[in-house]
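Subject: The structure I promised you

Hi,

Here is the structure I said I would pass on. Have it open while you read, and then go through my notes below.

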Amino acid sequence: MQSPLPVREGVNATRLRLPGEGPWDTAMDYMMHRWGHIDPQGIEDRFDAGEIVGEGGVPLDRGTPLTDHTFIWYYRTLPPETRIPVELSILHQDEHLLVVDKPHFLPTTPGGTYIQESALVRLRNQLALPDLIPMHRLDRMTAGVLLFSTNPDTRGKYQVLFEKRQVQKEYECVSAAEPAEGYPGVEFPVVVRNRMTKSRSYLLAEVIEGEPNAETRIEQLATFDVGPAAPGTGTAAAGPVDNPRRALYRLEPHTGKTHQLRVHMASLGLGIINDAFYPDLLDKAPDDYSKPLQLLARGIRFVDPMSGKPVEYRSGLQLSEATGG
């Protein structure tokens, strides 16, 4: 549903669905029920100033009946955020697309404690493009090529490419050269297929029984020696040997499940270096910018629906642990 309020400071207005019935006479009564314990005066002031609107952008006041609108929109009060010390690089920009290199640690879209400090909001503000929308997403800890639509009139043509899986993605990661103890050996290239599920209430994706819905082709590109394993560099990469071997891998996902690449590498006993989730969930800790997850969206290719020509965009970033790549 189209918001009647424009993007402000790079952030969309918040939409709230009002209940069809209940013990509240007015829309303000319901908002007080939801958030009055946080800022009752602020809610009253917003209604008085006409900053809360319904369908068609109609301003609500303190007496607007609950049943007058199904949805209302308003701007959140944005909390102060500490800037994440990373920068985005623009790889390509035209009247339809913006392609960037997203660094590690920066989320793609606003969420949780990261609103202004997201790739979307940064780029909207930096480039004065309020209609900017991501065509896909990268995890906060994953770096690499990320596509945005700059033109609402042509956005659907690009969305169809992703929906029909007509976009080919290539990733790189660094892990151990051999599976962890207890896992069988692997002959590369290998294709991992399984059924994955991810609930919003739990951090981790899970592999369950059933028809496969996730598939990744994995190829080992190069192996190399590193120095003695340092604590906390990833359970699959560190080991008792003094000179463990690591490898650079190419990953080609044929589906796009949440955490798919991380789960598939861990399932082979090759958990990605600096992965705090897989194969073992580590205690939450502040971001260590010296130890980014060694996963990079290296490239993306497709037939551009506007020009009809094949295009490919490649990341200029390098994985810090890919010393032999």
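Let's begin with the rings. How many aromatic pairs does the structure hold? There are eight of them, and keep in mind throughout that this is a predicted model. Take Trp24 and Tyr30: their ring centres are 5.0 Å apart and their planes sit at 75°, so this pair is edge-to-face. Both Trp24 and Tyr30 are buried.

Next, look at Phe188 and Tyr249. Here the centres are 5.5 Å apart and the planes make 55°, so the pair counts as tilted. Phe188 is in the loop between strand E7 (168-176) and strand E8 (190-197), while Tyr249 is in strand E11 (residues 245-253), so the pair ties together parts that are 61 residues apart in sequence.

Tyr158, Phe302 and Tyr313 are linked by ring pairs into a cluster. There are also arginines over ring faces: Arg8 lies over the face of Tyr75, 3.8 Å from the ring centre, and Arg15 lies over the face of Phe71, at 4.5 Å from the ring centre.

Now for the inside. In soluble globular proteins, nonpolar side chains tend to be buried together. In this model, the largest nonpolar core has 32 residues. Which residues have the most contacts inside that core? They are Phe148, Ile218, Tyr249, Leu251, Met265 and Leu295, so you meet Tyr249 from the tilted pair again. The elements that give two or more residues to this core are E4, H3, E6, E7, E8, E11, H5 and strand E12 (295-303). There is also a second, separate core of 14 residues, and Ala27, Phe47, Ile72 and Tyr74 are among them.

On to the strands around E11. E7 and E11 run antiparallel and are joined by six bridges, and in this pairing Ala176 stands opposite Arg246 in E11. E10 also pairs with E11 in the antiparallel sense, over nine bridges. Which residue of E11 is the bridge partner of Gln220? That is Tyr249.

Stay with E10 (residues 214-225) and find Thr216 in it. Thr216 has 1% relative accessibility, so it counts as buried. Leaving out residues up to four places away in sequence, Thr216 touches Val190, Val191, Val192, Leu251, Glu252, Pro253, Gln260, Leu261 and His264. With His264 there is a polar contact, side chain to side chain, at 2.8 Å.

Finally, go to Glu206, in strand E9 (residues 206-208). Glu206 is partly exposed, with a relative accessible area of 43%. Which residues does Glu206 touch, not counting those up to four places away in sequence? Those are Arg195, Met196 and Thr197. Glu206 and Val311 are 105 residues apart in sequence and 34 Å apart in space, C-alpha to C-alpha.

Cheers

How values were computed. Residues numbered from 1 in each chain as written. Predicted model: local features only at pLDDT ≥ 70, side-chain atom pairs only at ≥ 80, totals over all residues. Heavy atoms only, no water. Phe/Tyr/Trp six-rings, centres within 6.5 Å; stacked < 30°, edge-to-face > 60°. Buried < 20%, exposed > 50% of the residue type's maximum accessible area, 1.4 Å probe, protein only. Helix = DSSP H or I, 4+ residues; strand = E, 2+ residues; numbered from the N terminus. Lys NZ or Arg CZ within 6 Å of the ring centre and 35° of its normal. Core = buried A, V, L, I, M, F, W, Y, C linked by side-chain atoms within 4.5 Å. Contact = heavy atoms within 4.5 Å. Polar contact = N/O pair within 3.5 Å; in protein donor to acceptor, adjacent residues only side chain to side chain. Pairing = 2+ DSSP bridges.
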